[in-house]
Amino acid sequence: MTKASAPGKIILFGEHAVVYARPAIAVPVFQVRAEAVVERAEIDGVEIDAADLARRYDAREAPADDPLAAIIRSTCARLGVEPRGVRVRVHSTIPMASGLGSGAAVSVAVARALTRFFVQPLADAEISALAYQVEKLHHGTPSGIDNTVIAFEQPVYFVRGQPVESFRVARPFTLAIADTGVAAPTKIAVGDVRRAWEVERARCEALFDEIGAIARTARAAIERGEVDALGPLMDANQEWLRALGVSSPEIEILVDAARRAGARGAKLSGAGRGGNVIALIDDSVRVRVEGALMNAGARRVIVTRVEHAARFDESSGTR
Ligand code: MEV
């Protein structure tokens, strides 16, 4: 039996614009994880046991767009193995359709558990590439940021089509992640932005430029330990996301509640329309902000610390 797990993620700056080749910043969230177990079983093919979905099924009979069957198929093809007599069990504490990267985390955990089972380690970049193929099933034009930050498990500065860059978090900072409770599939928000871009290309391109510039400035601030600069940048990013049409009343209520309770800045994170809001907080206001978010209707609040990743200093990237 072999096991692997993968964290959730949040996008700090740059969602949506990243699909259109502007930079974005994302960090792993270790408080929630997807876990995959691969074991021998007295069966002919591959059984998928998706506990959270209360489903057990044969991977060979799954439709082509089944994400679990797809990641098993593509990983085994990459490893050059015929999966037979194997059970793949999956469990995740990452809420689905909430901007925390649940789909990509499940793919990364399954791919990595399979590489361990067949004793053929793959580099993080290869695991990420396998998960990216499945992301395409979730929504047609993924930037690749979710699978990248989740496979590398460190802060990333991501530009579509360019080699992944990590960066130094010179001073740790704390974020409250509040769930609106509204499940919002990435595909829908991304599709709506695409339609808006087709109709009003110049306006959307200008918004993407503003968002990309914020991501660049934020990276420099994080590398210099200028945490004070991040709050206003989050607020500005939220303005542009609202102009892009991906905010929602539930998001605005939580953003407002966090700011009133003393957060330095707040914005939606991920595709928007629902999902999660992130707020930059000092320890002194943590309890107040958490309480305000819950009172304003948050389904739950996770507090996470963004800090320098030890793996940033490692070179090999193979696990
Ligand atoms: C989803 O987590 C982030 C989006 O920018 C989509 C993508 O990058 O593929 C909305």
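Modeller: Please do, and keep in mind that this is a predicted model.

Biologist: Is Ile251 buried or exposed?

Modeller: Ile251 is buried, because its relative accessible area is 0%.

Biologist: What is Ile251 in contact with, leaving aside its neighbours within four places in sequence?

Modeller: With those neighbours set aside, Ile251 contacts Thr180, Gln238, Val246, Leu268, Gly272, Arg273, Gly274 and Val277.

Biologist: And how far apart are Ile251 and Arg73 in space?

Modeller: Their C-alpha atoms are 37 Å apart, and 178 residues separate Ile251 and Arg73 in sequence.

Biologist: Let us turn to the helices. At what angle do the axes of helix 7 and helix 8 cross?

Modeller: The axes of helix 7 (residues 230-244) and helix 8 (residues 249-260) cross at roughly 165° and come within 13 Å. Angles over 145 degrees count as roughly antiparallel, and helix 7 and helix 8 are therefore roughly antiparallel to each other. Their crossing is left-handed.

Biologist: Which residues make that contact?

Modeller: Helix 7 contributes Asp235, Gln238 and Arg242, while helix 8 contributes Ile251, Glu252, Val255 and Arg259. By class, the contact of helix 7 with helix 8 comprises 4 charged, 2 nonpolar and 1 polar residues.

Biologist: What about helix 5 and helix 6, at what angle do they pack?

Modeller: Helix 5 and helix 6 pack at about 120°, and their axes are 5 Å apart. That makes helix 5 oblique to helix 6.

Biologist: Which residues meet there?

Modeller: From helix 5 there are Val193, Ala196, Trp197, Glu198 and Val199, which meet Arg201, Cys204, Glu205 and Phe208 of helix 6. This contact of helix 5 with helix 6 has 6 nonpolar and 3 charged residues, with no polar ones.

Biologist: Which residues of helix 5 are buried?

Modeller: Ala189, Val190, Gly191, Val193 and Trp197 are buried in helix 5. Helix 6 (201-224) and helix 7 are included in what covers them.

Biologist: How many residues does helix 5 have, and how far does it reach?

Modeller: Helix 5 (residues 186-199) has 14 residues, and the distance from its first C-alpha to its last is 20 Å, close to the 20 Å expected at 1.5 Å a residue.

Biologist: How do helix 2 and helix 3 pack, then, and at what angle?

Modeller: The angle between helix 2 (residues 102-117) and helix 3 (residues 124-138) is about 135°, and the axes are 9 Å apart. The two helices are therefore oblique to each other, and helix 2 passes helix 3 in a right-handed crossing.

Biologist: Which residues meet in that case?

Modeller: Gly103, Ala104, Ser107, Val108, Ala111, Arg112 and Thr115 of helix 2 meet Asp124, Ile127, Leu130, Ala131, Val134, Glu135 and His138 of helix 3. The contact of helix 2 with helix 3 divides into 7 nonpolar, 4 polar and 3 charged residues.

Biologist: Where is Ser102, and what does it touch?

Modeller: Ser102 lies in helix 2, and it is buried, with a relative accessible area of 12%. Not counting residues up to four places away in sequence, Ser102 touches Ile94, Pro95, Met96 and Ala97.

Biologist: One last topic, the backbone. Which residue other than glycine has a positive phi?

Modeller: His16 is one of them, with phi near 70°. Most residues other than glycine have a negative phi. His16 sits in the loop between strand 1 (2-13) and strand 2 (24-40), and it counts as buried because its relative accessibility is 5%. Glu153 also has a positive phi, of about 55°. Glu153 is in the loop between helix 4 (145-152) and strand 6 (156-158), and at 11% relative accessibility it counts as buried.

Technical notes. Residues numbered from 1 in each chain as written. Predicted model: local features only at pLDDT ≥ 70, side-chain atom pairs only at ≥ 80, totals over all residues. Heavy atoms only, no water. Axes fitted to C-alpha atoms, helices over the stretch in contact; angles between N-to-C directions. Helix = DSSP H or I, 4+ residues; strand = E, 2+ residues; numbered from the N terminus. Parallel < 35°, antiparallel > 145°, perpendicular 65-115°, else oblique. Left-handed = near helix turned anticlockwise from the far one by under 90°. Contact = heavy atoms within 4.5 Å. Nonpolar A, V, L, I, M, F, W, Y, C, P; charged D, E, K, R; others polar. Expected span 1.5 Å × (residues − 1). Buried < 20%, exposed > 50% of the residue type's maximum accessible area, 1.4 Å probe, protein only.
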